[in-house]
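Please look over the model shown below before reading on. The report that accompanies it is arranged by topic.

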Amino acid sequence: MPPLTRRAVEVDGTELSYLAAGEADRPPLLLLHGTFWSRVWAPVLPALGTAARCIALDLPGFGASAGELTPEEAAVPALAQTVVRAAEALGFESFDVAGHDIGGGIAQHLAATTGRVRRLVLMNAVMFDSWPVPAVERFRAPEVRESTSTADLLEAREASTRGSTLRPLRDDEIADYLSPWHEPARVRSWTAMAASADAQYTLALVPALKQAAVPTRLVWGRDDDFQKLDYARRYVAEIPNSDLVVVEGKHIPTEDSPHEVAQAIVEHLTA
């Protein structure tokens, strides 16, 4: 994988890290993660950087970002406001946005409520009532969050990461994906996001998404066990101005079909 530039922006006194690609004079593209971190976008960032100024943001307490999320701060509407403040700090009045997993829920919130989103990409994203999956939902219980150790979360995240791709990830790739969760504060941020996972946030957005009709492309790994392809088909059937590109892969198709994912996104952004 080509080396990527890591930079940071300060939001509400917290330094948020991001992976950057593309020239500064290109249209901005914010790339959002969910229960993983910006690493999910790394395989396609060099290609996306040919068409956009890419900012793959780490949310507070995730990836290389500082801070620690509480369950209240980790809810989709609150995270959307964090992303808006990050965009403002970067000087972006409007932008394109791509979201994976719960990051897709944040992206839908931005598209439906802010008037700032020009084009939207959803990659194996939460939508409608597709979430939370059982492995995440159980963290709604405070006793589960409090009893989850660093070792517990590392074990769970390794299993989830290995189950998110068709191709077997190498040991060094797994280590890279797991690297943020060796610190207790980051474990607490992850469990806070899990605790706040709630389908009410995406279900409530449907009328506004229909009205906004932001040009949207769904890029979906065909064999995702977490966010099923049927939900993507439903989105395209119900939300105007959206289409679907299906690629080989599971929940992280950037690892299974990076060329196809990047091509589908670039085509959408430059249409």
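## Salt bridges across the chain

The count of salt bridges in this predicted model comes to 23. One of them joins arginine 116 to glutamate 88, with 2.7 Å between the closest N and O atoms. Its two partners come from distant parts of the chain, 28 residues apart: arginine 116 belongs to the loop between helix H3 (102-113) and strand S6 (117-125), whereas glutamate 88 belongs to helix H2 (residues 76-89).

A salt bridge with an N to O distance of 3.0 Å pairs aspartate 243 with arginine 217. Aspartate 243 is part of strand S8 (residues 242-247) and arginine 217 is part of strand S7 (residues 216-221), so this pair ties together parts of the chain that are 26 residues apart in sequence. Here aspartate 243 is partly exposed, at a relative accessible area of 30%, and arginine 217 is buried, at 12%.

## A further pair and a network

Glutamate 137 and arginine 140 also meet through their side chains in a salt bridge, at 3.6 Å from N to O. Glutamate 137 is partly exposed at 36% relative accessibility, and arginine 140 is likewise partly exposed, with a relative accessible area of 34%.

Elsewhere, salt bridges link several residues into a network, whose members are Arg39, Arg167, Arg170, Asp172, Glu173, Asp176 and Glu255.

## The largest nonpolar core

In soluble globular proteins, nonpolar side chains tend to be buried together. The largest nonpolar core of this model has 92 residues, and those with the most contacts inside it are Leu31, Trp41, Val97, Ile106, Leu110, Leu120 and Tyr235. Helix H2 supplies the largest share of this core, namely seven residues.

Tyrosine 235 can be followed through its surroundings: when neighbours within four places in sequence are left aside, tyrosine 235 is in contact with Gln108, Leu120, Leu122, Met127, Phe128, Leu209, Thr216, Leu218 and Ser242. Among these partners, Leu120 is also listed with the residues that have the most contacts inside the core.

## Helix H3

Helix H3 has twelve residues and reaches 17 Å from its first C-alpha to its last, close to the 16 Å expected at 1.5 Å a residue. H3 is mostly covered, with eleven of its twelve residues buried. Those buried residues are Ile102, Gly103, Gly104, Gly105, Ile106, Ala107, Gln108, His109, Leu110, Ala111 and Ala112.

Just after H3, glycine 115 takes a positive phi of about 70°.

## The surroundings of serine 38

Serine 38 is placed in the loop between strand S3 (28-32) and helix H1 (45-48). With a relative accessibility of 0%, serine 38 counts as buried. Its side chain makes a polar contact of 2.8 Å with the side chain of aspartate 58. Not counting residues up to four places away in sequence, serine 38 touches Arg6, Leu19, His33, Ala56, Leu57 and Asp58.

Notes: Residues are numbered from 1 along each chain as its sequence is written. This is a predicted model: local features need pLDDT of at least 70, side-chain atom pairs count only at pLDDT 80 or more; totals for chains, interfaces and linings use all residues. Side-chain values use heavy atoms; hydrogens and water are left out. A salt bridge is a side-chain nitrogen of Lys or Arg within 4 Å of a carboxyl oxygen of Asp or Glu. Helices (H or I, at least four residues) and strands (E, at least two) are DSSP runs, numbered from the N terminus. Buried means under 20% relative accessible area, exposed over 50%, partly exposed in between (1.4 Å probe, protein chains only). A nonpolar core is a set of buried Ala, Val, Leu, Ile, Met, Phe, Trp, Tyr and Cys residues joined through side-chain atoms within 4.5 Å. Contact means heavy atoms within 4.5 Å. A polar contact is a pair of N or O atoms within 3.5 Å; within protein, one must be able to donate a hydrogen and the other to accept it, and residues adjacent in sequence count only if both atoms are side-chain atoms. The expected span of a helix is 1.5 Å times one less than its number of residues.
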